[in-house]
Amino acid sequence: MIKLANEADAIYEAQYQTMQKSGAAQRRAGSYQAFLERGLPNRRVESWHYTDLKAALAKPAPLAAGDERKPLLARTHDSIRLVTLDGKFRPDLSDLSELPVGLRVRSLHEALADDNPEINVALWPDGAGAEDAAVALNGALMQDGVVVSVSSGATIARPIEFVTLVGASLPEAIFTRSALIVGAGASVKAIETAGVLERETSNATQLNHLLALRLEHDSKLDMLSHISGFGGDSVSVFSLNAHLASHAQLKAHQLIEGGGLLRRQLFAALDGEFAGASFNGVTLARGRQHADTTLFVDHRQPHGASHERFRTILDEHAIGVFQGKIVVRPGAQKTDGVMQSKAILLSDGATMNNKPELEIFADDVKCGHGAACGRLDQDQLFYLMARGLPRGEAQSLLLEAFANESLIDISDYRSRDFVLERIGGWLAERTPS
Amino acid sequence: MMAARQETVARVEAIDVDAYKYGFTTDIESEKAPKGLGEDIVRFISAKKNEPEWLTQWRLEAYRRWLTMREPDWARVHYPPIDYQDLYYYAAPKSTPGPKTLDDVDPELLRTYEKLGIPLREQEILAGVETRKIAVDAVFDSVSVATTFKEELAKAGVIFCPISEAVQTHPELVRQYLGSVVPVTDNFFATLNSAVYSDGSFVYVPKGVRCPMELSTYFRINEQKTGQFERTLIIADAGSYVSYLEGCTAPKRDENQLHAAVVELVALDDAEIKYSTVQNWYPGDSSGRGGIYNFVTKRGDCRGRNSHISWTQVETGSAITWKYPSCILRGDNSQGEFYSIAVSNGHQQVDSGTKMIHLGRNTKSRIVSKGISAGKSQNTYRGQVSAHRRADNARNYTQCDSLLIGHDCGAHTVPYIESKNTSAQFEHEATTSKISEDQLFYAMQRGLTAEEATALIVNGFVRDVLQQLPMEFAVEAQKLISISLEGSVG
């Protein structure tokens with residue numbers, strides 16, 4: 001028995017005891033054990049070097065109790081919506097009535113009860129993601145979520161949207177885990193949306209969400225993640241854990257609008273030949289927001305390709321973090337890996353930490369990374385202002401163009417317009433510097 | 001170019017895979033402190049050096065601090081735990097009570113340095129045609145055995161002597177600057193060094209003086225089971241310039257030997273220090289037995305305005321390298337540079353890089369790191385660039401490239417780039433690849449063998465860094481790189 005060191009650990013222990021009874025007891029126990037061995041990560045843990053989760057979660061909030069309200073949700077995307085509210089999958093708020101052929105949707109509870117090995121392997125991915133303490137804690141305390149399987153060869157035209165909402169007005173801790181299994185040869189679009197329900201929602205939510213993706217042989221997934229609206233005292237960890245079989249292709253974009261302390265972790269294991277993944281994203285943060293994007297791409301097999309392009313815009317006293325690690329295992333020859341992270345600091349109080357890493361154990365590879373950090377190009381600004389644009393507008397235009405660099409690959413124009421609109425809105429709210 | 005290449009290839013062919021040409025031992029009687037480490041040993045070393053009380057206390061404080069510290073484990077290197085009680089912390093050739101004139105030095109020692117190609121006799125360098133003069137301080141195990149050109153340097157006002165001598169002759173300078181760049185509490189190995197350092201070089205270049213010749217220190221570990229802990233302190237006063245070279249070798253032994261040095265550089269207003277290292281400690285044999293553990297703390301403090309510190313290193317030796325020559329860019333408009341070639345072969349492990357800490361305004365830094373891994377070696381670049389709130393217009397450019405030769409080696413890049421200032425501009429680029437098939441094909445099509453073609457391409461790969469080295473060193477370094485990679489092409 002490991003001695004409980006502090007208050008936070010004791011609270012998690014008590015929460016774990018209540019969760020133990022809600023299915024998958026053994027797997028939960030394994031996750032909890034893994035969490036106990038590691039503890040909440042602090043800055044001494046290399047992969048958490050710039051984000052101190054232990055300090056942020058010194059006082060864990062009580063587990064979310066669920067919300068029986070039936071709010072009216074505005075529709076942003078033309079999608080098949082699957083809603084989790086306050087840690088509970090809500091079929092009543094989801095579009096379950098007319099699911100296309102080849103699509104199966106279950107709540108996490110049903111999936112755990114089924115104990116289907118195929119789904120289990122998707123829900124409990126191996127590799128770096130499994131080693132992470134925040135993911136382990138999620139595995140121990142996950143309350144609900146939604147598990148979607150797409151049958152082999154199916155093509156789903158409408159995007160599947162995973163909506164994770166928080167509505168409680170008091171601070172609560174929410175643990176959700178969802179999965180998307182894309183069968184061999186299938187082709188899918190997905191949207192991941194996370195946000196708050198309304199203005200009255202607590203600004204001190206503690207959210208720990210994991211979306212596991214399993215892409216079987218020759219499958220295709222095109223996805224967009226949008227995280228926004230979390231309050232100044234919130235602490236959230238959004239993990240994406242992707243597992244790619246041979247020839248599978250994943251294209252992921254994300255827009256993160258900072259809120260409190262927000263950590264986005266992307267884990268990708270390229271576990272088959274010719275698998276390809278691309279991750280692109282824009283992070284916007286201001287005030288005292290802390291926005292961390294940490295990426296781990298594991299090339300396990302030959303001929304894999306991974307491309308990452310991230311842009312971060314920081315205003316006021318915001319702290320931005322980008323950590324990206326490309327690992328090429330022995331034997332993963334002919335890997336092609338490129339990672340790029342650029343940041344613009346709009347204010348002297350802002351901080352950017354970049355840590356792009358390469359870890360390479362195979363010789364016949366082509367890997368590179370680039371990182372840059374600075375302010376807006378004063379010459380460009382001058383050029384635009386000389387043509388009559390007010391300072392603020394000129395800045396916005398340049399910042400939009402900067403962000404757009406990592407969005408050009410979004411194939412769906414509606415998704416792209418949506419993201420650009422959000423960025424425009426964020427920029428409009430700022431006072432020009 | 002062609003001639004140089006042929007020479008390189010000839011050199012490579014002339015030696016066996018395991019040939020480390022400096023692997024001989026010198027049979028010389030030496031005086032050692034008893035094995036192990038404790039306050040008595042610290043006092044013993046201090047007494048040996050006839051040190052003032054403040055320095056003895058300084059060492060003891062470091063020792064007590066060290067006892068509370070933990071060996072760092074964040075680097076990507078693996079080695080069995082070191083038994084710090086199973087080492088000799090002081091070993092000195094018996095016949096040298098202190099370096100006086102060269103005639104007092106044991107002829108066996110002189111022969112050693114001759115064999116290593118280090119000129120200790122001034123007339124040898126002066127004779128005949130004009131060659132560039134290099135003043136040498138030779139450190140053998142724990143003591144400095146000879147320092148050349150002292151008088152000529154003294155005329156220019158430059159102080160160049162063993163640090164143990166400087167403590168006696170210029171205590172005020174030593175006291176002012178020792179530990180001011182790398183504090184006693186800095187890290188496990190630096191703190192250990194502070195407690196037990198035995199000798200090293202001391203350089204002081206007075207205001208406005210351009211040091212008339214290159215200064216050089218040559219480190220040699222000879223004794224078995226000894227650790228070498230040297231301490232180098234270089235102070236460039238306002239408006240001065242000094243170029244300093246460092247070389248090192250050790251005999252082949254089956255055991256691992258510890259080398260934990262500390263180098264401190266201080267550059268005041270408008271001063272410039274150029275520090276070059278060709279590190280060729282014994283790397284261990286082809287099965288990974290033996291070799292030096294090179295755990296070194298090197299740091300330069302650009303304390304004055306417009307000061308400039310440049311580190312250039314060629315790392316080919318050591319079983320393990322743990323080394324991050326850094327610059328603290330404190331003075332406004334100061335500049336830091338780091339040029340590195342790290343070649344690893346066999347079972348070597350390298351974890352090396354730099355830190356550029358931008359504190360002052362308009363500070364600039366540039367990092368060019370080239371890693372080449374072959375055999376079963378692991379080669380990591382680890383670097384930090386940071387700009388603090390005050391560091392307006394800080395500028396950094398980093399390029400780190402890795403080349404992999406063979407299936408069993410690894411190349412890793414771990415940069416930390418931290419900016420707290422909107423006007424700071426940081427750029428970082430890194431690539432990892434193998435030698436391009438196209439380039440190889442092109443070169444071989446013109447009649448070069450695979451080995452020759454590789455040597456040519458590798459030389460091109462490291463060229464940016466070699467150009468930063470003083471001439472004599474550049475030639476030596478180029479040969480060294482070819483030798484280190486011997487046996488890795490195939």
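**View 1. Contact between helices α3 and α9 of chain B in the predicted model.** From α3(B), the residues B:Arg59, B:Ala62, B:Tyr63, B:Arg65 and B:Trp66 meet B:Thr191, B:Leu192, B:Ser194 and B:Ala195 of α9(B). Helix α3 spans residues 53-67 and helix α9 residues 188-196; their axes come within 7 Å and cross at roughly 145°. The crossing of α3(B) and α9(B) is left-handed.

View 2. Because eight of its nine residues are buried, α9(B) is largely enclosed by the rest of the structure. The buried residues are B:Phe189, B:Ala190, B:Thr191, B:Leu192, B:Asn193, B:Ser194, B:Ala195 and B:Val196.

**View 3. B:Ala236 in the largest nonpolar core.** This core has 256 residues, and B:Ala236 is listed with A:Leu244, B:Val203 and B:Ile273 as having the most contacts inside it. Beyond its neighbours within four places in sequence, B:Ala236 is in contact with B:Val205, B:Tyr241, B:Val242, B:Val266, B:Ala267, B:Leu268, B:Ala271, B:Glu272 and B:Ile273.

**View 4. B:Thr226 in the loop between β7 and β8 of chain B.** Strand β7 covers residues 214-220. B:Thr226 has 24 other C-beta atoms within 10 Å and is therefore buried, the cut-off being 20 or more. Apart from neighbours within four places in sequence, B:Thr226 is in contact with B:Leu87, B:Tyr88, B:Ala91, B:Asp141, B:Ile221 and B:Gln257. B:Tyr88 lies 138 residues from B:Thr226 in sequence, yet their C-alpha atoms are 4.6 Å apart in space.

Note on methods. Residues are numbered from 1 along each chain as its sequence is written. Chains are lettered from A and ligands numbered from 1 in the order in which they are written. This is a predicted model: local features need pLDDT of at least 70, side-chain atom pairs count only at pLDDT 80 or more; totals for chains, interfaces and linings use all residues. Axes are lines fitted to C-alpha atoms, for helices over the stretch in contact, and angles run from 0 to 180 degrees between N-to-C directions. Helices (H or I, at least four residues) and strands (E, at least two) are DSSP runs, numbered from the N terminus. A crossing is left-handed if the near helix is turned anticlockwise from the far one by less than a right angle, and right-handed if clockwise. Two residues are in contact if their C-beta atoms, placed from the backbone, lie within 7 Å. A residue is buried if 20 or more other C-beta atoms lie within 10 Å of its own, exposed if 12 or fewer, and partly exposed in between; C-beta atoms are placed from the backbone. A nonpolar core is a set of buried Ala, Val, Leu, Ile, Met, Phe, Trp, Tyr and Cys residues joined through C-beta atoms within 7 Å.
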